[in-house]
Amino acid sequence: MHHVCTRVQKASRFSHQHGAITCIGDLRLGYYFRLMIEFSHVFKSYGRGINALADASFHVGAGEFVFVSGPSGAGKSTLLKLIAGLIPASRGRIQVNGQDLGKLTARARPYLRRAVGVILQDTHLLNDRSAFDNVLMPLIVTGHDPATATARARAAIEKVGLAGKETRRPIELSGGDQQRLAIARAIVNRPAILIADEPTANLDHASAERIIEVFRDFNRVGVTMLIATHDRELLAGHSNRILHVENGRVYDEKTLAAMASATAGAARGRP
Ligand SMILES: Nc1ncnc2c1ncn2[C@@H]1O[C@H](COP(=O)(O)OP(=O)(O)O)[C@@H](O)[C@H]1O
Ligand SMILES: [Mg+2]
């Protein structure tokens with residue numbers, strides 16, 4: 001599926017490195033992809049308290065669309081902030097887009113920031129300027145010339161369905177449109193990964209579904225998507241992979257389902 005893993009494989013099952021990028025696959029099962037996010041025995045504690053995240057290990061492949069579920073206080077936001085490099089892990093290894101976050105040099109940091117688009121729970125939209133200027137700002141910060149920046153901001157606004165509302169201030173937009181604006185601002189630097197923390201929390205179900213549809217559009221063109229939500233109704237309507245977080249532990253729902261059926265099988269096999 002993704003360009004980087006092109007070396008001809010001799011073994012049907014493999015896992016190997018291209019520089020810092022890990023590729024895994026099983027040709028008999030027909031999957032073959034490069035990893036975008038790798039957590040290996042990651043712990044996070046804030047101060048001396050209990051672990052907000054404990055021994056988290058999981059992979060996300062390039063181009064995946066993943067929901068991060070779990071009750072409030074479970075550790076979802078912590079997980080997303082770690083991926084975005086906004087907070088450091090207490091223990092363990094995190095690799096994002098081929099970079100070990102624990103070993104990031106000052107020079108590599110801006111590349112990570114550009115590779116990961118982040119929409120936090122509090123969108124931090126600036127009400128003292130227009131919607132357009134909110135989207136333009138990250139491009140000015142990363143040093144684009146004004147003509148390119150303007151063209152890109154316009155394209156981003158169009159992609160999220162806000163064309164015609166550029167001159168409004170964020171506060172003059174509906175909740176759904178504010179969320180769209182936060183998305184436009186997060187994708188304007190063309191990140192490989194887009195992370196959204198409870199992006200539908202303040203929206204009715206129909207608006208929430210339309211926001212998920214915007215994320216799907218980006219995912220279709222290759223952006224790896226992670227969406228944290230505690231909204232069970234939203235999750236029930238989609239068949240994507242779910243990383244479930246509870247009490248700081250991360251469970252892959254597919255693994256859980258396999259474990260459950262194995263347990264059920266064992267139970268059935270009992271005399
Ligand atoms: N900055 C912080 N300082 C101390 N504790 C925190 C901080 N952020 C989160 N926590 C704690 O870590 C745990 C996980 O929080 P969080 O990742 O925000 O969960 P979720 O997003 O699933 O609601 C909670 O017990 C929360 O109180
Ligand atoms: Mg949260």
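**Exercise 1. Determine how many of the 13 residues of helix α5 are buried, and which elements they pack against.**

Helix α5 is mostly covered, since 10 of its 13 residues are buried; the model from which this is computed is a predicted one. The helix spans residues 175-187 and reaches 19 Å from its first C-alpha to its last, which is close to the 18 Å expected at 1.5 Å a residue. The next step is to list the buried positions, which are Gln 178, Gln 179, Arg 180, Leu 181, Ala 182, Ile 183, Ala 184, Arg 185, Ala 186 and Ile 187. An α-helix has 3.6 residues a turn, so residues three or four places apart point the same way. Finally, the packing partners of the buried residues of α5 are β8 (116-119), α3 (131-141), α4 (146-159), β9 (193-197) and α6 (205-220).

**Exercise 2. Work out which way the residues of β9 point, and which strands pair with β9.**

Begin with burial: β9 is mostly covered, with five of its five residues buried. In a regular strand the side chains alternate between the two faces of the sheet. In β9, Ile 193, Ile 195 and Asp 197 point one way, while Leu 194 and Ala 196 point the other way. Turning to the pairing, β8 and β9 run parallel and are joined by four bridges, and within this pair Ile 119 stands opposite Ala 196. Strand β10 (residues 224-228) also pairs with β9 in the parallel sense, over five bridges, and here the bridge partner of Ala 196 is Ile 227.

**Exercise 3. Identify which residues touch the most other members of the largest nonpolar core, and list what Ile 195 touches.**

The largest nonpolar core has 64 residues, of which Val 68, Ala 184 and Ile 195 touch the most other members. Leaving aside residues up to four places away in sequence, Ile 195 touches Leu 80, Ile 83, Ala 84, Val 116, Gly 117, Val 118, Ile 119 and Leu 226. For the chain as a whole, buried residues make up 35% of the 271 residues, and the secondary structure comes to eight helices and 12 strands.

**Exercise 4. Decide whether Ser 90 is buried, partly exposed or exposed, and find what Ser 90 touches.**

Ser 90 lies in the loop between α1 and β6 (91-96). Because 15 other C-beta atoms lie within 10 Å, Ser 90 counts as partly exposed; a buried residue would need 20 or more, and an exposed one 12 or fewer. The residues that Ser 90 touches, not counting those up to four places away in sequence, are Phe 43, Lys 44 and Ser 45. The C-alpha atoms of Ser 90 and Val 42 are separated by 7.5 Å, although these residues are 48 residues apart along the chain.

Note on methods: Residues are numbered from 1 along each chain as its sequence is written. Chains are lettered from A and ligands numbered from 1 in the order in which they are written. This is a predicted model: local features need pLDDT of at least 70, side-chain atom pairs count only at pLDDT 80 or more; totals for chains, interfaces and linings use all residues. Helices (H or I, at least four residues) and strands (E, at least two) are DSSP runs, numbered from the N terminus. The expected span of a helix is 1.5 Å times one less than its number of residues. Two residues are in contact if their C-beta atoms, placed from the backbone, lie within 7 Å. A nonpolar core is a set of buried Ala, Val, Leu, Ile, Met, Phe, Trp, Tyr and Cys residues joined through C-beta atoms within 7 Å. Two strands pair if DSSP finds at least two bridges between them.
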